[in-house]
Amino acid sequence: MDRLLTLTLRYRFFTVVALLVVIAVGLWSFTHLTIDAVPDLTPVQVQILTRSPSLGPVEVEQFVTFPIEASLSGLPSMRELRSVSRYGLSAVTAIFEDGTDIYRARQLVAERLARAMERIPVEYGRPVMGPLTTGLGEIYQFTLQGPGYSAMACVTRMGSRGCDCGPCPVCGGGQYLGRRATAVPCRGRSGQASLVQIVASTGL
């Protein structure tokens, strides 16, 4: 440490030049660096989803998930193969090595998926590849607020107008405006009103 300080004081010109070079490189890197508030660390992956409403987890694993896994095994550059079998749903995720082209990975999976479809009965569902996006790209959070509007009024207004975002569903959260009517049968008979007429009068 003492020697470094001695050399710095002895060669002041070169020290200043080196400091300016470091500052210039830092400024250049700062202006050209891609900065993201939430960096996407998701690996290169392709997801295969299959809907089987009439099957339980064991049947989904046996008749849907296992044929897909067997067809995808041995893919080039594939690092890991994960799967989840639930009631009426099979999700198989093929994870590839870093640096693999996502379009090439999807092409390889599509070729193997054609073989898997031949082994899965049609009534058990048709496997499809998931969207070309990551877990961080599927969620967009927003808030809806305005002067004089409560949270319930904002959510009700959004629901009445609707949101057209193509194939991506929009799920609104918060308080919802609702009505509840309790019908008393004995009072309805006394007033000569049937249950159908009561429901129709509420507009539900």
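Two strands count as paired when DSSP finds at least two bridges between them. Keep that rule in hand while looking at this predicted model. Its sheet is open and has 4 strands, in the order β2-β3-β1-β4, with antiparallel pairing. At the edges stand β2 and β4, each of which pairs on one side only. Strands of a sheet are held in pairs by backbone hydrogen bonds, and the pairing may be parallel or antiparallel.

Begin with β3, which spans residues 89–96. Is this strand mostly covered or mostly open? It is mostly covered, with 7 of its 8 residues buried. On one side comes β2, residues 78–86, which is joined to β3 by 8 bridges and runs antiparallel to it. Within this pair, Leu81 has Ala94 of β3 as its bridge partner. The two strands also make a hairpin, with 2 residues between them. In that turn sits Gly88, whose phi is positive, at about 75 degrees.

Now turn to β1, residues 45–51. How many bridges link β1 to β3? There are 7, and the pairing is antiparallel. Gln45, for example, has Ile95 in β3 as its bridge partner. β1 pairs with β4 as well, again in the antiparallel sense, over 2 bridges. Here Ile48 stands opposite Met129 of β4.

Helices come next. Packed on the sheet is α4, residues 102–119, which touches β1, β3 and β4. The direction of α4 makes about 35 degrees with that of β1. Helix α3, residues 57–72, lies across β1, β2 and β3. It runs at about 165 degrees to β2.

Tyr103 is 29 residues from Leu132 along the chain, yet their C-alpha atoms are separated by 9.0 Å. Why does Leu132 count as partly exposed? Its relative accessibility is 45%, and partly exposed covers the range between the buried limit of under 20% and the exposed limit of over 50%. So Leu132 falls in the partly exposed class.

Key. Residues numbered from 1 in each chain as written. Predicted model: local features only at pLDDT ≥ 70, side-chain atom pairs only at ≥ 80, totals over all residues. Heavy atoms only, no water. Buried < 20%, exposed > 50% of the residue type's maximum accessible area, 1.4 Å probe, protein only. Contact = heavy atoms within 4.5 Å. Axes fitted to C-alpha atoms, helices over the stretch in contact; angles between N-to-C directions.
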